[in-house]
Amino acid sequence: MRATGITKDFPGTRALEDVDFDLLEGEVHALVGENGAGKSTLMNILMGIYQANKGQISIQGKIVQVKNPGDALRCGVGLVPQELNLIPELSVAENIFMGNEIKNGAGAIDWKRMNTEADKLLKKLHIRDIQPENMTKGLSAAFQQLISIARILASGSQIIILDEPTASLTNRETDNLFSIMKELKKEGCSFIFITHHLDEVIHISDRVTILRDGRRVHECATKDITIEKMIYYMANQKVAMMEHMKRDIPDEIMLRVNGYTRGNEFRDISFSVRKREIFGIAGLVGAGRTELINAIYGLTKKDSGTLELNGKPVEIRVPTDAMKLGIGYVTEERRKLGIFAELPVDINMMMPSLKKFYKHRMIHYGQLDKSAENYVKKLSIKTTSLDTLIKYLSGGNQQKVIIARWLEKQSNLLILDEPTRGIDVRSKGEIYQLIRGMADEGKTIIIISSETDELLAVCDRIMVMHEGNCKGFIEDPEGYDREEVLKMALR
Ligand SMILES: Nc1ncnc2c1ncn2[C@@H]1O[C@H](COP(=O)(O)OP(=O)(O)OP(=O)(O)O)[C@@H](O)[C@H]1O
Ligand SMILES: [Mg+2]
């Protein structure tokens, strides 16, 4: 497949300018770039979701018109989107063959054959525990992703686009995806692979294209580039890696958690967090970290355990109890739960702090926008204006707006679950810088993250969890590395 001279304008922004991109048979071509660089837009054009203003697409040397995703599939191109879009109420087989159902001679759906074919596809993708008749509802992100790939294979397509597929996968699931990709490559499938994890680019791709501000700034064989060089091309400047910084923290305990237990999610977890501390909870996806925080925050009911805040026992039964105590929680599902698609960036950002900007019962937009503008600068949020509807921002930039919202809200204790998922390397550093600044000003922060390197750089202390158990604490992260934390989790 070859795309040449692709230009795409949106009102107020040029998302892509004269971009060339090609894909060879049986290769993995990585596409990288900062948030808002144009990666998803380019893929949406290849899929016929958007029409380019200029440029053309050809497949096996023939120019093709791709007006919608159906056209793309007929040309042999399928997309697994950044936000998975299976229909939960349908079975696995129905999702795989949606719009492409197998019919019998009489024109009715041939359920038996459809289920057998679905089963074959599932086996090919190493899925053993799920039957084609199962509902899709409740399946993990990893399974849903594989089912999306199965759907593309079922249509006979050989070109598979993966838009940030590993963002919500465990390490093991990522390895599984990579081995499936390697097998499919041997059968002639090609992949376009978008990710912010540059180590994955080195690991799995044959070639890499780098976008910056809608332009292709570099393209080369993966073996000819390093992570550092990629970052340099992406950011057009040197980006210093975050380093650990020792902070002075008073001995005053802010939050004490005693013996928290809930079913088989987590058992007998006790820890305390000091005032002004940045406290990390490390572990693999599935270690029970989010479940623990959900119970502390009153989103779910604990079986046992007690809480103390500033030395006094407190009871949190529902999230509003926690909010009244000055505790804020940014969930990992913030994009799904936290965005008001039809409202502009500034209102989305200041939603919980609007009261602050009221004057004579009216919102004082001047002040609100001054604060909002500050975050747009600090976090390099890419948006045409503060009035732009948030749905028009790229995935990573929407994330940044939601993070800014909670930084502005200024809870005394702020809990962040996977705050940098989907965020580019440079902005990650900026977000952690802001978090450090907040802690220095007196806020207490708890961060859950699967990015152990980041926790080691930013946290004062870290608790390591594995399969619902506390495996120990790292009192001084200085000098620790990722492998040591992993060993601690697994010991
Ligand atoms: N429907 C739209 N209307 C207006 N602007 C848009 C639209 N879709 C994307 N844009 C703009 O185009 C630019 C590129 O966005 P795109 O989603 O392609 O970025 P991306 O590289 O995928 O970033 P991320 O890593 O955050 O997912 C951004 O500035 C974005 O705001
Ligand atoms: Mg994107």
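**View 1. Polar contacts of ligand 1.** An oxygen atom of ligand 1 sits 3.0 Å from a polar backbone atom of Gly38. This model is predicted: local features need pLDDT of at least 70, side-chain atom pairs count only at pLDDT 80 or more, and totals for chains, interfaces and linings use all residues. Residues are numbered from 1 along each chain as its sequence is written, chains are lettered from A and ligands numbered from 1 in the order written, and side-chain values use heavy atoms, leaving out hydrogens and water. A nitrogen atom of ligand 1 lies 3.2 Å from a polar side-chain atom of Tyr50. His196 places a side-chain N or O atom 3.0 Å from an oxygen atom of ligand 1. A polar contact is a pair of N or O atoms within 3.5 Å. Alone, ligand 1 exposes 640 Å², and the protein buries 91% of that (Shrake-Rupley method, 1.4 Å probe).

**View 2. The shell around ligand 1.** Of 21 residues around ligand 1, Gly36, Lys39, Thr41, Ser394 and Gly396 come nearest (near: a heavy atom within 4 Å). The shell holds six nonpolar, eleven polar and four charged residues, with Gly counted as polar. Domain 1 (2–235) and domain 2 (253–490) each give at least three residues to this shell; the bounds come from an automatic or database assignment.

**View 3. Asp71 in its helix.** Asp71 belongs to helix H2 (residues 69–74), a DSSP run of H or I with at least four residues. Asp71 is buried, at 17% relative accessible area (buried: under 20%, 1.4 Å probe, protein chains only). A polar side-chain atom of Asp71 lies 2.8 Å from the backbone nitrogen of Lys67.

Terms used: Helices (H or I, at least four residues) and strands (E, at least two) are DSSP runs, numbered from the N terminus. Buried means under 20% relative accessible area, exposed over 50%, partly exposed in between (1.4 Å probe, protein chains only). A polar contact is a pair of N or O atoms within 3.5 Å; within protein, one must be able to donate a hydrogen and the other to accept it, and residues adjacent in sequence count only if both atoms are side-chain atoms.
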